[in-house]
Amino acid sequence: MPVPARQRLLDALVNLTASQGLDGVSIREVAAAAGVSIGTVQYHCHNKDQMLVMAFEHIAARIMDRTASIASAPISTPDEKIGSRLNRALLELLPLDEVRRTESRVYLAFAARAAVVPSLAKVQHTFLTELRDQCAAALQAARQAGETRSDVDPDQAAAGIAALVDGLLVHLLTDPTGLPEEEAVEVLRAHLSTLLVL
């Protein structure tokens, strides 16, 4: 079954951004990489700004869909803890394999540009809000299950977790020898263990 043109565009955008950064992405290059005409690209997005928003929304949704499916899955075994499941979900945000490294490079490129481009800042806000909400919901559920300290404020702790994961992502991409993957995974686990039973 042929891949729809929109999906080919999104795949091309993600791959080009991951390999060249946002400055290397143009409508012409995306069309060539996707194997479609420039007119097809312009049908889906009228200009480069719209194209970048579409790509950022796509990569953010792809990441959050994975984390949500883990965080909201039913408890699989009697001894599984909510904190362990949250830890697994958060690891989906870190560049620990080729798929997640590609997503993380694209996310970081867009997040940096979001500081000065309001349309991208809106996507970033939505993404981070959803991440904080997922974390807060898990912390609230853990508190109700007696798997967290009674003095943990779910919203405040969720903000800290989201900021930590964002920072780990940046360090793993930009200083992988300074922060090896195993150490980053342990930093996250250790932080969560101060809040939750894992």
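According to an unreviewed UniProt entry, residues 26-45 carry the feature "DNA-binding region"; UniProt positions follow the numbering used here, feature names are shortened, and annotations may be inferred rather than shown by experiment. This is a predicted model, where local features need pLDDT of at least 70 and side-chain atom pairs count only at pLDDT 80 or more, while totals for chains, interfaces and linings use all residues. Residues are numbered from 1 along each chain as its sequence is written, and side-chain values use heavy atoms, with hydrogens and water left out.

Me: What makes up residues 26-45, in helix and strand terms?
Reply: The chain there is 75% helix and 0% strand, with the end C-alpha atoms 12 Å apart. Helices here are DSSP runs of H or I with at least four residues, strands are runs of E with at least two, and both are numbered from the N terminus.

Me: Why is the pair Arg66 and Glu92 called a salt bridge?
Reply: The term needs a side-chain nitrogen of Lys or Arg within 4 Å of a carboxyl oxygen of Asp or Glu. The closest N and O atoms of Arg66 and Glu92 are 2.6 Å apart, so the pair qualifies. The pair links distant parts of the chain: Arg66 sits in helix H4 (residues 48-71), and Glu92 in the loop between helix H5 (82-91) and helix H6 (98-114), 26 residues apart.

Me: Why is Glu92 called buried?
Reply: Buried means under 20% relative accessible area, exposed means over 50%, and partly exposed is in between (1.4 Å probe, protein chains only). Glu92 has 19%, so buried is the word. Arg66, at 23%, therefore counts as partly exposed.

Me: What else does Glu92 pair with?
Reply: Glu92 also forms a salt bridge with Arg100, with closest N and O atoms 4.0 Å apart. Arg100 is buried, as is Glu92.

Me: How many salt bridges does the structure hold?
Reply: The structure holds 12.
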